Amino acid sequence: MTEVLLIVGLLVAVFVGYNIGGATTGPAFGPAVGANVITKLMAAALMSIFFFLGAITIGPNVVTTLGDELVHTTDIFTMRSNVAVLFFIGGALFVGNYAGVPASTSMTAVGAIAALGLATGELNWAVMGEIVVWWIVAPIIGFWVAGVVGRYFYPRINAWVAIEGDREGREMITVDRSGTVPRLQFGIGANRREITGAFVVVGIGCLMAFSSGTSNIANAIAPIYGTGEFEMVPLILLGSAAVAVGCFTIARRTLDTLGNDITNLPLTAAIVVAVIASTIVIMLSAIGIPASFVVVATMCIIGLGWGRATRTTTLSDARRGEETRVSVGALTAEEEGETPPEIGEEEPEDIPRASDLFDPSTTARVIIMQNVVPLIATVGAYLTFQFVPIFGF
């Protein structure tokens with residue numbers, strides 16, 4: 001029976017890793033894909049590589065945190081309970097991925113593990129409280145930092161960077177396999193500055209993928225590792241392989257959502273979002289908090305669009321009670337080389353319609369699902385451990 005549970009546990013861990021790949025590729029490379037910098041295939045490959053690098057280097061620290069600190073004793077991590085925890089993590093993430101919404105893997109995994117600790121009376125409330133506080137604060141910070149950048153700095157950044165996607169509608173960076181040795185190929189008419197900017201946004205996506213690996217590998221393997229039946233490295237290899245499969249398959253849906261449905265990001269905006277989100281995620285990882293990677297990146301996209309939308313009205317005009325003229329399509333307003341207008345000088349009719357940047361219905365669906373998915377895992381796990389007799393708690 002124990003051997004059967006071990007096999008089932010590993011299979012469920014693989015299922016969780018698969019869904020992590022689907023959930024985290026969108027936030028990391030959605031901006032680059034949405035801005036026509038790279039293809040979805042290249043995004044999946046880069047995500048797989050850099051996720052593994054993060055998982056194998058810093059990831060073990062987070063695995064230990066979730067396995068040892070979130071609950072007072074690891075005695076509750078029986079193989080039977082771990083299979084159940086992983087089932088709820090993977091099942092909830094699958095719901096989000098199927099809906100095309102990249103739900104937070106950290107929130108989902110911590111919720112399921114915390115439910116086990118709550119049901120058994122072993123939950124470390126101090127650790128849980130610290131994690132939850134940062135989950136609330138981090139997206140707010142991301143939104144407002146991005147909003148400030150969008151309102152006060154984005155036009156000048158855009159004029160300085162002056163990067164646009166390929167004029168023919170193809171990706172900026174592709175791989176030419178016609179020769180003996182594959183080589184990079186750049187978009188038609190792309191200049192040096194555009195190519196440099198493309199590498200920057202892809203590089204930042206790789207950094208975000210690395211950051212995701214440092215925190216999210218624990219969500220797939222921490223419960224199994226907590227049983228003491230397996231060594232850390234083999235579990236990381238297995239989990240990373242499962243993540244790679246998710247990157248190449250189900251991640252296409254989340255790439256569409258964050259790269260196209262929510263917003264049609266120009267490359268400058270993609271760079272800004274990636275820098276802000278990756279910085280916040282790295283800071284959270286540095287203090288040992290399982291980072292809510294997806295939520296931070298999504299709120300940065302929303303905040304940047306909101307900040308740009310408010311440039312049609314000055315703060316003094318708003319204080320006098322004058323009508324605030326908002327166009328949410330403001331991120332695509334400036335063309336290459338165009339002098340950025342001052343705040344209050346932009347006319348809403350000169351800015352693309354809101355649907356060019358920001359789809360309210362899609363955004364609402366993303367925010368709702370990002371809260372519903374962790375709730376499914378948490379409530380489902382708690383009810384199971386509290387009332388199903390076979391777990392013996």
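A residue counts as buried here when its relative accessible area is under 20%, as exposed when it is over 50%, and as partly exposed in between, using a 1.4 Å probe and protein chains only.

The model you are looking at is predicted, so local features need pLDDT of at least 70 and side-chain atom pairs count only at pLDDT 80 or more, while totals for chains, interfaces and linings use all residues. Residues are numbered from 1 along each chain as its sequence is written, and side-chain values use heavy atoms, with hydrogens and water left out.

## The chain as a whole

The chain has 13 helices and two strands. Helices (H or I, at least four residues) and strands (E, at least two) are DSSP runs, numbered from the N terminus. Of the 393 residues in the chain, 55% are buried. A contact means heavy atoms within 4.5 Å. Among contacts between residues at least 6 apart in sequence, 82% join residues at least 24 apart.

Val12 belongs to helix α1. Leaving aside neighbours within four places in sequence, Val12 is in contact with Val83, Leu86 and Phe87.

Is Asn19 buried or exposed? Asn19 is buried, with a relative accessible area of 0%. Not counting residues up to four places away in sequence, Asn19 touches Gly90, Leu93, Phe94, Asn97 and Ile250.

Ile38 sits in the loop between α1 and α2. Ile38 is buried too, at a relative accessible area of 1%. The C-alpha atoms of Ile38 and Ala198 are 160 residues apart along the chain and separated by 8.6 Å.

Helix α4 spans residues 79–98, has 20 residues and reaches 28 Å from its first C-alpha to its last, close to the expected 28 Å. The expected span of a helix is 1.5 Å times one less than its number of residues. Helix α4 is mostly covered, with 14 of its 20 residues buried.

Helix α5 spans residues 105–120, has 16 residues and reaches 23 Å, close to the expected 22 Å. Because 14 of the 16 residues of α5 are buried, this helix is largely enclosed by the rest of the structure. Gly121 follows α5 and has a positive phi, near 75°.

In the meeting of these two helices, Ser81, Val85, Ile89, Ala92 and Leu93 of α4 touch Thr105, Thr108, Ala109, Ala112, Ile113 and Leu116 of α5. By class, these residues divide into eight nonpolar, three polar and no charged. For these classes, Ala, Val, Leu, Ile, Met, Phe, Trp, Tyr, Cys and Pro count as nonpolar, Asp, Glu, Lys and Arg as charged, and the others, Gly among them, as polar.

## How the helices cross

Two packed helices are described by the angle between their axes and the distance between the axes. Axes are lines fitted to C-alpha atoms, for helices over the stretch in contact, and angles run from 0 to 180 degrees between N-to-C directions.

| Helix pair | Angle | Axis distance |
|---|---|---|
| α3 and α7 | about 45° | 7 Å |
| α4 and α5 | roughly 150° | within 9 Å |
| α7 and α8 | roughly 140° | within 10 Å |

Angles under 35 degrees count as roughly parallel, over 145 as roughly antiparallel, 65 to 115 as roughly perpendicular and the rest as oblique. The helices α7 and α8 are therefore oblique to each other. The crossing is right-handed for α3 and α7, for α4 and α5, and for α7 and α8. A crossing is right-handed if the near helix is turned clockwise from the far one by less than a right angle, and left-handed if anticlockwise.

## Helix α7 and its partners

Which residues of α7 meet α8? Ile217, Ile221, Ile224 and Tyr225 do, against Met232, Leu235, Ile236, Gly239 and Ser240 in α8. That contact has seven nonpolar, two polar and no charged residues.

On the α3 side, Gly59, Val62, Val63, Leu66 and Gly67 meet α7 residues including Gly213, Ile217, Ile221 and Tyr225. This contact has eight nonpolar, six polar and no charged residues. The buried residues of α3 pack against α2, α5, α7 and α8.
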